[in-house]
Amino acid sequence: MENLQKCICKTCPVQAESVCAKQKKMKVQKMMESKMLPDAEMVAGVYCATGKSSCGDLDFSKMCQCNECPLWEECDLISGQPMGYYCRDGQAE
């Protein structure tokens, strides 16, 4: 839950126009308000930990912002692979 709150995927240009991501964000917000932890596949974010997005309408021509995320530094994601676009390329290893 702590990482989900730090995640900036919800503001990422890659998923800004995604209807799928917007729907997931609304569902997750409702769950978090009731203190429930959503399943990973329901979350439109934290891809560095959960893997590729299940949304098929992301725009990968937009600039990835993973390196601007607080989790990037905290989890030393620059040392892992892939180095961004986790929503497309999968979780960091």
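Is C55 buried or exposed? At a relative accessibility of 7%, C55 counts as buried, where buried means under 20% relative accessible area, exposed over 50% and partly exposed in between, with a 1.4 Å probe and protein chains only. The model is predicted, so that local features need pLDDT of at least 70 and side-chain atom pairs count only at pLDDT 80 or more, whereas totals for chains, interfaces and linings use all residues. Residues are numbered from 1 along each chain as its sequence is written, and side-chain values use heavy atoms, with hydrogens and water left out.

C55 is bonded to C20 in a disulfide, with 2.1 Å between the sulfur atoms; a disulfide is a pair of cysteine sulfur atoms within 2.5 Å. The link of C20 and C55 is left-handed, with -70° about the S-S bond. Because C20 belongs to helix 2 and C55 to the loop between helix 3 (47-50) and helix 4 (70-74), the pair ties together parts that are 35 residues apart in sequence. Helices (H or I, at least four residues) and strands (E, at least two) are DSSP runs, numbered from the N terminus. The structure holds one disulfide.

Two further cysteines were examined. The sulfur of C9 has its closest cysteine sulfur in C7, and the distance of 3.3 Å is too far for a bond. C9 is buried, its relative accessible area being 13%. For C12, the closest cysteine sulfur is that of C64, at 5.7 Å, which is likewise too far for a bond. C12 is also buried, with a relative accessible area of 9%.

The largest pocket holds about 220 Å³ of space. A pocket is an open set of points on a 1 Å grid over the protein atoms alone, where a 1.4 Å probe fits, with protein on both sides within 12 Å along at least five of seven lines; lining residues have an atom within 4 Å of a point. The volume is the space filled by probe spheres set on the points, which are joined across faces, edges and corners. Of the 13 lining residues, L4, K10, K25, V28 and M32 are the closest to the centre of the pocket. Helix 1 (2-6) and helix 2 (19-33) are the elements that give two or more residues to this lining, and helix 2 provides the largest share, five residues.

The charged end of R88 sits over the rings of two residues: that of Y85, 4.4 Å from its centre, and that of F60, 5.7 Å from its centre. This arrangement requires CZ of Arg or NZ of Lys within 6 Å of the ring centre and within 35 degrees of the ring normal.
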